[in-house]
Amino acid sequence: MKNLLSAADLSREDAVEILDTARRMQEVQTREVKKLPPLRGRTVVNLFFEDSTRTRSSFEIAGKWLSADVINVSAKGSSLSKGESLRDTVLTVEAMGVDALVVRHHASGAVARIAQWVSCPVLNAGDGTHEHPTQALLDAYTLRGRLGVLADRHVAIVGDITHSRVARSNVLLLRTLGARVTLVAPPTLMPAGVASWPCETSWDLDAVLSGKAHGDVDAVMMLRVQRERMSGGYFPTEREYAIGYGLSPERLELLGDQAPVLHPGPMNRGLEISSLAADGPRSVVLDQVQAGVAVRMAVLYRLLAGPGEVPV
Amino acid sequence: MAEHRRAPVPDPRGAEGTVILREADVGRVVDRMAHEIIETVAKGDFDAVLLGIPTRGVPLAYRLGARIEVFAGVALPVGSIDITLYRDDLRVRGVRPLAQTLQPEGGITGRSVILVDDVLCSGRTCRAALDALTELGRPRLVQLATLVDRGHRQLPIRADYVGKNIPTSATQNVRVLLAEVDGSDAVIVEEGR
């Protein structure tokens, strides 16, 4: 495994190993000295062409705790704003001798394209509405912490599926790990071609949460309504969306006692998730953030600590 | 990715190679090491911990702890210390899965730490363990206990407690089997290939 571009790149064995490694990495977070040596002398560049708080900072922390040198480059204030092409920017950064690129880009497929241009490992930190594999890994890690083994567990992913890279990566990874996924969204926010995805779909949140539609739900993941990616009218009003697809206190009651509530953040409180759901005992939102660092440490370790790809 | 894990051999008599220690021998050797450790740590009022290096150093540390409790009536805290991230051959031999680091009760700062491993050879594992230790705390004293010392040191490191010195050639392999991991106890020298 040289790059991490898609959750589909991970075999079940790879995914389980990364999650197990992440568990060891998380033990470091409780130590006084949060520093491990395996990436000493390696340089990781976070190349972010789109805004991000948690992903960028958690990649940065993960790299630093593994002793790598981490540099952040954001599109604002870079040569891109002077008209340089993406390829030139990326090759310039690589030519400085970096050992890995962590890339977020607003265009789907841009990260995979970059991986073809450069010779160092490339990690996808979110590309457009396509994929966000480390988010799927941290969600799987959080779910494992709450539910144990994920095989035959049933996860409902609810909300703006069309614009969600998180949903796609999660469907792929949860499938790999043997879990069942049901996507719930209004028809306008269900992506074209979803029929070919390895999951069930539904437009009726109440039926899914109560287990009447596709069986009991073991966990529910609420997705952010991504207004910045919406050009047309995907739903009449926010109030109507909240009534139909928001995780209200009443809907929370439909869930089984142990079922955790996930949200990749940032949350639109009152829209897709109520404060009672976001702050309640079922909420694992902050566990997800903490898992993000551990999982990214595990991925960086896996991709960078070894000798690298043996040249053919 | 799993080439460093060896297949378990349930019956040492069926394994190839020369059996150096059998089940009963291993028991006696562990008992002697326990007595030697007691002699030392008794001077420090038993303010010591046993830290096993995974994989087989960990059950060995627990066994030593149990025998010390039988002989001296004192239960030393036992933990484990994973050294994978501190190895100097990650870049050469590739990444490997991590094992558990378990801080012994009360931590290690200010106490005597006895590192426990199954085989001492190049000394590189022990060096990595010393590095890993500094991030867990500052022990008063660090010692090394090993079931087998097979020679071929590449670093200025020696063990304080040795179960059995086994002179070997560089091409031979020493395999320590422990009941907790392998189903039975034995020490076997195999001819390398």
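Two strands are taken to pair if DSSP finds at least two bridges between them. Helices (H or I, at least four residues) and strands (E, at least two) are DSSP runs, numbered from the N terminus. The structure described here is a predicted model, in which local features need pLDDT of at least 70 and side-chain atom pairs count only at pLDDT 80 or more, whereas totals for chains, interfaces and linings use all residues. Residues are numbered from 1 along each chain as its sequence is written, and chains are lettered from A and ligands numbered from 1 in the order in which they are written.

Chain A is divided by the domain assignment into domain 1 (7-131 + 292-304) and domain 2 (133-289); such bounds come from an automatic or database domain assignment. The C-alpha centres of domain 1 and domain 2 of chain A are 25 Å apart. Between them, 22 residues of domain 1 of chain A are in contact with 21 residues of domain 2 of chain A, contact being defined by C-beta atoms, placed from the backbone, that lie within 7 Å. On the domain 1 side of this boundary in chain A, the elements giving two or more residues are helix 1 (12-28), strand 4 (122-127) and helix 11 (285-304). By class, that side has 11 nonpolar, six polar and five charged residues. Here Ala, Val, Leu, Ile, Met, Phe, Trp, Tyr, Cys and Pro count as nonpolar, Asp, Glu, Lys and Arg as charged, and the others, Gly among them, as polar.

Helix 1 and helix 11 of chain A also pack on each other, at an angle of about 115° and with their axes 8 Å apart. Axes are lines fitted to C-alpha atoms, for helices over the stretch in contact, and angles run from 0 to 180 degrees between N-to-C directions. The crossing of helix 1 and helix 11 of chain A is right-handed; a crossing is right-handed if the near helix is turned clockwise from the far one by less than a right angle, and left-handed if anticlockwise. Helix 1 of chain A contributes A:I18, A:T21, A:A22, A:M25 and A:Q26 to the contact, and helix 11 of chain A contributes A:A294, A:V295, A:M297, A:A298, A:V299, A:Y301 and A:R302. These residues comprise nine nonpolar, two polar and one charged.

An open sheet in chain A is formed by five strands in the order 7-6-5-8-9, with parallel pairing. Its edges are strand 7 (200-202) and strand 9 (261-262) of chain A, each of which pairs on one side only. Within the sheet, strand 5 (residues 154-158) and strand 8 (residues 219-222) of chain A pair in the parallel sense over four bridges, and A:A156 has A:V220 of strand 8 of chain A as its bridge partner. Helix 6 (residues 165-176) of chain A packs on this sheet, where it touches strand 5, strand 6 (180-184) and strand 8 of chain A, and its direction makes about 160° with that of strand 6 of chain A. A cis peptide bond joins A:G265 and A:P266, with omega about -10°; A:P266 lies in the loop between strand 9 and helix 10 (275-279) of chain A.

Chain B likewise contains an open sheet of five strands, here in the order 3-2-4-5-6 and with parallel pairing. Strand 3 (78-80) and strand 6 (161-165) of chain B are the edge strands. Neighbouring strands of this sheet are turned by 25° against each other on average, direction ignored. Four bridges join strand 5 (residues 141-149) of chain B to strand 6 of chain B, with B:T146 partnered by B:V162. Helix 1 of chain B packs on the sheet against strand 2 (48-52), strand 4 (112-120), strand 5 and strand 6 of chain B, its direction making about 155° with that of strand 6 of chain B. Helix 2 of chain B lies across strand 2, strand 3, strand 4 and strand 5 of chain B, at about 150° to strand 2 of chain B.

Helix 1 (residues 23-43) and helix 2 (residues 57-72) of chain B pack at an angle of about 65°, with their axes 9 Å apart. The two helices of chain B are therefore roughly perpendicular, a term covering angles of 65 to 115 degrees. Their crossing is right-handed.

Finally, 13 residues of chain B are in contact with 16 residues of chain A.

How values were computed: Contact = placed C-beta atoms within 7 Å. Parallel < 35°, antiparallel > 145°, perpendicular 65-115°, else oblique.
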